[in-house]
Amino acid sequence: MSQFKSDFLRVLSERGFIHQVSEPDQLDALAAAQRVTAYIGFDCTAPSLHVGSLLPIMMLHWMQQTGHRPIALMGGGTTRVGDPSGKDESRRILTDELINENLRGIRTIFSKFLTFGDGPGDAIMANNADWLNTLNYIDFLRDVGKHFSINRMLSFDSVKLRLDRQQELSFLEFNYMILQAYDFVELHKRTGCVLQMGGSDQWGNIINGIDLGRRMMNAQLFALTSPLITTSSGAKMGKTAAGAVWLNPDMVSPYDYWQYWRNTEDNDVGRFLKLFTVLPLDEIARLTALQGQEINEAKKTLATEATALVHGREAAEQAAGTARRTFEEGALAEDLPTIDIKSDELAQGLGVLTAFVQAGLVASTSEARRQIKGGGLKVNDETVTDEKMTLNAGNLTPQAVIKLSLGRKKHVLLKPA
């Protein structure tokens, strides 16, 4: 059982969110006695967040559920610089227009997990461009830069790893940790924020902010980091062969999102139920205890609950129903992912290798050939044995589509347009 007295830290601890906490006893006592304001920063490098960002979003969710005030800080300013943590090379510089466009896409996801408003416990959406974009460089150097030691900055992993590999680290990126520390101080001034949370690779950056807060304002600030989540086989969360698993429905459909969670490795089910759903712990314990084939029931529950949080309960149930009809009942579910193909392309005969590449089920025709050799590709549930096979109007089902399958779990419908 957790040793924490505050609901906030106890819930985070019991569900597996805590890697390190600075001054844990003091933070626990503070959270037990009063409402705490905390923030997590999100850079705006893409038009959507992906599954890798779910962990920090869930931390903000539980923070609000236990009576505290979360801040989702959009990195409108820091995205112009780029965080060197865990990166081998410099990020490409984005235009302000693209950053703002990305920011609009990212904002939509938070309202599904947090309640925003003007009440004392309502979440805040902040943007560090509000204070970073108007900084006067000389004033900033004098007031903030004087508190940073180059010797100490060089010892941080984010810098040290790049230098050890003799990879270039620009002065622009070197400044990132100073800007992140300044964010913490600025949020403390504006909102009374006393806690920054983030992934374990952010520990050094967060400690910098605590140090700066003490030096500039004699403030007592805190750090809390979560473990970096990998799957049991060592893969990074949120990455698949097809690319990132985005949270916005126009980038990854609710069905594909459901499938991502359904394909969770057996050993990860219990951990992921705690981190990525809001199911009670006793229900999670029951699901985690399932053995053999029954573990698939736990995976379906994980998939449906995780999808409901991001896409809504109706879309999640629909995705689960589509999967059930497709896999268990062998039916052709019309809400499978669908790709339009030109009717004349079908009339001339569409090569089966090309069809699977167009459907996005394989990356190349050579990969399609390899899959055929292993019996991995199917057309209308029939295994493809001839790589020279062509698809035409004769392959259309009564629903006027052609069903392409990779293995048992990935299906796409080709529809003549």
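**Note on W203 and the overall fold of the predicted model**

1. W203 counts as partly exposed because its relative accessibility is 21%, where partly exposed lies between buried (under 20% relative accessible area) and exposed (over 50%), with a 1.4 Å probe and protein chains only. This is a predicted model, in which local features need pLDDT of at least 70, side-chain atom pairs count only at pLDDT 80 or more, and totals for chains, interfaces and linings use all residues. Residues are numbered from 1 along each chain as its sequence is written, and side-chain values use heavy atoms, with hydrogens and water left out.

2. W203 belongs to helix 11, residues 203-217. Helices (H or I, at least four residues) and strands (E, at least two) are DSSP runs, numbered from the N terminus. The protein chain contains 19 helices and 15 strands.

3. Leaving aside residues up to four places away in sequence, W203 touches Q20, V21, S22, A223 and T225; contact means heavy atoms within 4.5 Å. S22 is 181 residues from W203 along the chain, yet their C-alpha atoms are separated by 9.6 Å.

4. For the protein chain, 72% of the contacts between residues at least 6 apart in sequence join residues at least 24 apart. Of its 417 residues, 49% count as buried. The C-alpha trace spans about 75 × 50 × 40 Å along its principal axes.
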